[in-house]
Amino acid sequence: MLHLPVLITDLGLILAAAGITTLLFKKIKQPLVLGYILAGLLVGPHINFIPTVTDNESIHIWAEIGVIFLLFSLGLEFSFKKLVKVGGSASITAVVEVFFMLLIGFVAGKAMGWTTMDSIFLGGILSVSSTTIIIRAFEELGVKHKKFAGLVFGVLIVEDLVAILLLVLLSTLAVSQQFAGTEMFLSILKLCFFLILWFIGGIFLVPTFLKATKKLMNDETMLIVSIALCLIMVMLAVKVGFSPALGAFIMGSILAETTQAEKIEHLTKSVKDLFAAIFFVSVGMMIDPGILLDYAVPILVITLATILGKFMSSGLGALVSGQPLKTSVQTGMSLAQIGEFSFIIATLGVTLKVTSDFLYPIAVAVSAITTFTTPYLIKASEPFYLFLERIMPKKWLDALNRYSSSTAGITTMSDWRVLLRAYTFNTIIHLVILVAIIFIGSRYLQPFITENIINGNNGTMISLILTFILTAPFLWALALRRIERKAHSHLWLNKKYTRGPLVALEVLRIALAIFAVGFLIFQFYNTLVALGIAFGLIVLGMYFFSRKLQQFYDRLENRFLHNLNAREELQKQPEILPWDTHLTELSISPDSPLVGKSLIELAVREKYGVNIAMIERGHRMIPTPGRDERLYPNDKVMLIGTDDQLAAITELFKGITDENQETSFPKKDMTLQKVVITSSSPVYNQSIRESGIREKTQGLVVGIERNGVRILNPDSNLVFENEDIVWIVGNTKKIPDLLKKT
C-alpha cells in the first residue's frame, strides 16, 4: 500500500482549512489574513475536534518560505525611489509615529509587569501599521483618490524600512541580551553598509541583466529568474548575518526599480499568495485560545493603546510636518492598526526564544481587532474632524492653518545645503564601494591567485594591483570629482569668507582617499616601505590617468542612473499641486458614459470643477488635451481637483452596466446556423446585400457551399441560388423567420 508523506497530508489540511475560511471571510467582506489565522487556529494543536497538523517542523519551514515571499512582494511595492520621493511630511509623520509607539508599547508592557525584552518587542510590534489592511480598506471605501491617502502610502513606505531596521536591531538585542550602545551602533552601521552596497550593486547589475535577456524571457523564465534572484539575495543576507526576510525585501526593492517590476509582481503574486497563506496559517497554529482568555485584559489595554496611540502619534507627526488638521486626523485614524510586519517581529521573538509565550497570541488578537476597526475609523475620520473643528477655539485653528501654509512654501535650499548634501552622498557611497572592493580583493581574490595561479609575494602583488585597478575609478570620484559645480562656484565667487571651508572640504576628500589607499595596502602588506612605494605609484597613476578614469567612471555612473530612472521615465507624472487640490489617475471603463465623447461635450470643469491634465492612451501621452479630444475605453486620465470634486466624478469613470440591454439579447442567442436555400425562400435570387440579412436578423453570412464548392466570407454582391447551403452567424430566433419557407 502506498504511503503518503506527512508533509503532503499536513499541507492539504492547511490549504483546505484556509480555502474554507477565506471563502467565508470573502463572503462577509473581511480581510483574508484573518481567515488564514482562524484556519491555523482550527488545525493547530490546541483544538482537537477536527484533524490537526502533525509535522510542525516542516510547516515552520514552509512558513519561513512564506515570510520570504511576503517580504519580497512588499519590496516590489516599496522601491527606494519612492522612499526618496516620499517627501518630508510622510517621513516626519512615520518617524514621530514609530518613536511614540515604541515608547507606548514599552511603557504599557512594563506597567503590566512584563519583562524588559517582552516590553521592547511589544513596542516593535505596535510601531508598524499594516500595508495590506490599509490598501484593502481604501479600495473598499473608495478613498484612494483622496489627498490623505497619498500621505498614508508615503508613511507606509517609510515604515517598511523602519520595520526592516527593527528586525535587525531586535535580533542583535535578543542575541546579545544587553543594551550596549556600541553594539547597537555597529549593527546599524553594518546594516546601512550592506543596504547601500546591495542597492548600488543591484541597480547596476540586475536591470542590465534583465534588459540583455529580455528577448529570451517569457512568463515562465521571468518567474524562475525572479525567484532565483530573490533566493540568491536571501543567501547573501544570511551569509553576512542578517535575516532571510531582509534579503528578500532588498531584492524586491531592487526589482521594483526596473521596467519589468509590474510583470514580476504579477507573475510572483500566486507564489506569494500560496506561501503567505501558509505563513499566516502557521501564525494561527501558534495561538492558544486559553492564553487569549487569560490575557483578555492586556489584549484590551494594548488594543486601546494601539488605536489611540497611533491616532495621536500619526496625527501629531502629520501636523508637525505641516499638513492641515483634516489631513492629519484622517491619516492618524487610517494608520490605527498592526499587521503582517507585527507578526514577523513577534515570530522573531519566539524563534530566538527571548519573549514569553503569551506575547505572540496577544499580538495576533490585537491585529485581528484593529483590522475590524480600521474601515470604521477611516469612515469616521471626516466626521470626527468636523467635530474637532466645531469645538476647537478659532485662534487654534487659525494658528494651525498659518503653520500649514508657511511650511508648504519651504521648498528652496541654500547653496551650502545643496553642496553639503551632495558631498555627503558622494563620500558615503564611494567609501562603501571601496571598502567592499578591498575586502573582496583581500579575502577572495588574493587567496584564489596565490593558491591557483602564482604563489608567494608575486601573487600578493598581483592581487594588490588588480584590486587597486578596480578601486581607481571610485578613488578618483571620492577625491577629485567635481560635484554641484554651480553651487560650488556661487559660494567661491560670491562670498570670499566661504573659501576656507570649501578648501577644507576638498582636503578632507583627498585625505579620505589617501586613507582608503592605506587601508587597501594594509590588507596585503604591513611594511612602511611597501606602503610608500605603492602610495607613490598610486599618486602617479591617478595623475596621469585622471582623464581616462573620469571617462570610465562617467560610463559607470550613466549606466547606473539609466537603470535607476528607466521605470520612472516610463511612468512620469506631474508633481503634486498646492493647496487642497491634488492629482489622481482614473481609468475609463468600457461601460463608462464618458466613452466617445469630446471634452467640450463633457464639460467636466464646468460641472465638477476638475481639470484634465493629461490622457495616457497606450504608450501615447496627451498633455493638456484640447477641447475636441475624445475619451476612449481604458484611457488613463490625470485629473486635478479636491477630494470632494474627484469623488463626485469617480463614479462616471467606473460606468454602470445596463442589465436590461443584456437580457434583450443574451449571448446564447448568437450562434452559427446552417440554412438551405430553395426556390421558395424569401431571399432566393437576391444578393446578400439585397436580402437584408445583416439589418433584419443581426446576422452575418460567413460561408456558402454551392455544388460542392465552399466560399468563405463571400462578397456581398453574391446572389443566392437554389440548393445553396448558407452558414450564418446571428440571432437564432430571427434567422429562420427570414430564410425559411413562407
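Which residues line the largest cavity? Hello everyone, let's start there. This is a predicted model, in which local features need pLDDT of at least 70 and side-chain atom pairs count only at pLDDT 80 or more, while totals for chains, interfaces and linings use all residues. Residues are numbered from 1 along each chain as its sequence is written, and side-chain values use heavy atoms, with hydrogens and water left out.

Now the cavity. On a 1 Å grid over the protein atoms alone, a cavity is a set of points where a 1.4 Å probe fits but cannot get out, and a lining residue has an atom within 4 Å of a point. The largest cavity is lined by Pro 31, Val 33, Leu 34, Ser 130, Thr 132, Ile 133, Gly 339, Glu 340, Phe 343, Ser 367 and Thr 371. Helix 2 (32-43), helix 7 (131-141), helix 16 and helix 17 (359-391) each give two or more residues to that lining. Helices here are DSSP runs of H or I with at least four residues, strands are runs of E with at least two, and both are numbered from the N terminus. The space in this cavity is about 50 Å³, a volume being the space filled by probe spheres set on grid points joined across faces, edges and corners.

Next, a pocket: an open set with protein on both sides within 12 Å along at least five of seven lines. The second largest pocket holds about 810 Å³. Of its 28 lining residues, Glu 64, Pro 244, Thr 347, Leu 348 and Thr 351 lie nearest the centre. Helix 3 gives the most to this lining, with six residues.

On to helix 20. Its 24 residues (456-479) should span 34 Å at 1.5 Å a residue, and the end C-alpha atoms are 33 Å apart, which agrees; the expected span is 1.5 Å times one less than the number of residues. Helix 20 also bends by about 45 degrees at Thr 471, with Pro 473 following within four residues. That bend is the angle between axes fitted to the seven residues ending there and the seven starting there.

Four strands form an open sheet in the order 5-8-6-7, with antiparallel pairing; two strands pair if DSSP finds at least two bridges between them. Strand 5 (670-676) and strand 7 (709-712) are at the edges with a single partner strand each, so one side of each has no neighbour in the sheet. Seven bridges join strand 5 to strand 8 (residues 725-731) in the antiparallel sense, and Gln 673 stands opposite Ile 728 in strand 8.
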